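Work through the exercises below with the sequence and the coordinates open. Try each task before reading its solution.

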Amino acid sequence: MGIMVDIQDFESCETSGQFYGGNAGRKIGLVWRDGDWLVKFPGTTRNLQGSVPSYTTAPVSEWLGSHVYAALGIPVHETVLGIRDGRIVCACRDFTFPDSRLVNFHDLKNSLSDDEPGFTEDALDVRSCYVTDRGKPIAPLKYLASGQDEECTKALDRFMERYDPRSFHDLLDSIPSMSHGLTVVPDGFHEYHRRVCDYRYEHAFMEAWRELHPTVGFPSSPEASVPEPLPDPDPSVLPSSSVPTCFDGPGM
C-alpha cells in the first residue's frame, strides 16, 4: 500500500473571525499553523433516496480536484483534509491575505454591461461558464474536439503531455477510507472515480486529441489502464435521479 494522506485534527483550532460566501455549503474560518484557512463542510444527504452516506464527499472531491490541477502545473489553492465538528472537511488556505480580495462572480457581473461577451442571460440560464465570443453557451468537449479554437487545442496538447493516469490512481489511493474513527469516503469511492476518470480520458480527451492530430504519435503519458465501458451504476449509492451525488465534486 502506498503513502496515505494525513487527516488533520481541526477540532481544537480557534475560529479566525473571517466569513465566506458562496452557495456550496457551510464554511467557517479557522486559524491553523499560524495561517487563516477556509474550512468547507460536507452537505447532508437526507433528501436523497437509497442507501447513501449521511454526508456528501464534497470536501474530499475539493481536495482531490485541487491536487489534480497542481499535478497539471496549474496554480491552485493549498488544500488539506481534516476533521471538524465530527465531520470530514476540506481546509483551503486563505490566499486573499494580506493584500488581496476575492470578488465573486455575481458581483463581477453586476459591474459589467449586459452586452459584455460571456455574461448574457442565455449563458446563465444553462448554468454554463463556457460561451462563445457572442455569449452563446457551448458544449465544452464538442467545442474542444472541433479544433476551431487554436488556444483550446494547445490547452488539450498540454493536458495530454502532463496528465498521467497512473499518478492519478496513486493520488486517489492515498485517500484513506477511515480516519479518526470516521468514514472519509464510502465503499466504492475509489473504484468509481478511477473508472470514471479513466473512461473520460480514454473516450473523450484521447479521442479528441487523436482526431486533431491524426498523423502525430501519441503523447508520452501512459494510457489509462481501464478503457472498457463503464457498467451500470449501483442503484444502492444513487438517488432516484441516477445522479451520483454521494460522490459529488467540488463546489466550483
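Predicted model: local features only at pLDDT ≥ 70, side-chain atom pairs only at ≥ 80, totals over all residues.

**Exercise 1. The chain as a whole**

Task: State how many helices and strands the chain has, and in what order its elements run.

Solution. 
- Step 1. The count gives 7 helices and 7 strands.
- Step 2. Read from the N terminus, the elements follow the order β-β-β-α-β-β-α-α-α-α-α-β-β-α.
- Step 3. Of the 252 residues in the chain, 37% are buried.
- Step 4. Among contacts with a separation of 6 or more, 58% are between residues 24 or more positions apart.

**Exercise 2. Lys40 and Glu62**

Task: Locate Lys40 and Glu62, and decide for each whether the residue is buried or exposed.

Solution. 
- Step 1. Lys40 lies in strand β3, which spans residues 35-40.
- Step 2. Glu62 lies in helix α1, which spans residues 58-71.
- Step 3. The cut-off for a buried residue is under 20% relative accessible area. Lys40 has 16%, so Lys40 is buried.
- Step 4. Glu62 has a relative accessible area of 8%, so Glu62 is buried.
- Step 5. The side chains of Lys40 and Glu62 are joined by a polar contact of 3.3 Å.
- Step 6. Beyond four places in sequence, the residues in contact with Lys40 are Arg26, Lys27, Pro59, Glu62, Val89, Cys90 and Cys92.

**Exercise 3. His77**

Task: Find where His77 is placed and which side chains it joins through polar contacts.

Solution. 
- Step 1. His77 sits in the loop between α1 and β4 (79-84).
- Step 2. The relative accessibility of His77 is 24%, so His77 counts as partly exposed.
- Step 3. Leaving out residues up to four places away in sequence, His77 touches Glu62, Ser66, Cys92 and Phe95.
- Step 4. Two of these residues have side chains in polar contact with the side chain of His77: Glu62 at 3.4 Å and Ser66 at 3.2 Å.
- Step 5. For Cys92, the C-alpha atom is separated from that of His77 by 6.6 Å, while the two residues are 15 residues apart along the chain.

**Exercise 4. Helices α1 and α6**

Task: Describe how the axes of α1 and α6 cross, and name the residues that make the contact.

Solution. 
- Step 1. Two packed helices are described by the angle between their axes and the distance between the axes.
- Step 2. The axes of α1 and α6 come within 11 Å and cross at roughly 150°.
- Step 3. An angle over 145 degrees counts as roughly antiparallel, so this label applies to α1 and α6.
- Step 4. The crossing of α6 by α1 is right-handed.
- Step 5. On the α1 side the contact is made by Trp63, Leu64, His67 and Val68, and on the α6 side by Phe168, Leu171 and Leu172.
- Step 6. The contact of α1 with α6 has 6 nonpolar residues, 1 polar residue and no charged residues.

**Exercise 5. Helix α7 and its partners**

Task: Work out the orientation of α7 relative to α6 and relative to α5.

Solution. 
- Step 1. Helix α6 (residues 165-173) packs on helix α7 (residues 189-212) at an angle of about 160°, and the axes are 10 Å apart.
- Step 2. The pair α6 and α7 is therefore roughly antiparallel, and the crossing is right-handed.
- Step 3. From α6, the contact uses Pro165, Phe168, His169, Leu172 and Asp173; from α7, Phe189, His190, His193, Arg194, Cys197, Asp198 and Tyr201.
- Step 4. By class, the residues in the contact of α6 with α7 are 6 nonpolar, 3 polar and 3 charged.
- Step 5. Helix α5 (residues 150-162) and α7 have axes that come within 11 Å and cross at roughly 125°.
- Step 6. α5 and α7 are therefore oblique to each other, and α5 passes α7 in a left-handed crossing.
- Step 7. In α5, Thr153, Leu156, Asp157, Phe159 and Met160 meet Tyr201, Phe205, Met206, Ala208, Trp209 and Leu212 of α7.
- Step 8. The contact of α5 with α7 divides into 9 nonpolar residues, 1 polar and 1 charged.
- Step 9. Tyr201 of α7 takes part in the contact with α6 and in the contact with α5.

Notes: Residues numbered from 1 in each chain as written. Heavy atoms only, no water. Helix = DSSP H or I, 4+ residues; strand = E, 2+ residues; numbered from the N terminus. Buried < 20%, exposed > 50% of the residue type's maximum accessible area, 1.4 Å probe, protein only. Polar contact = N/O pair within 3.5 Å; in protein donor to acceptor, adjacent residues only side chain to side chain. Contact = heavy atoms within 4.5 Å. Axes fitted to C-alpha atoms, helices over the stretch in contact; angles between N-to-C directions. Parallel < 35°, antiparallel > 145°, perpendicular 65-115°, else oblique. Left-handed = near helix turned anticlockwise from the far one by under 90°. Nonpolar A, V, L, I, M, F, W, Y, C, P; charged D, E, K, R; others polar.
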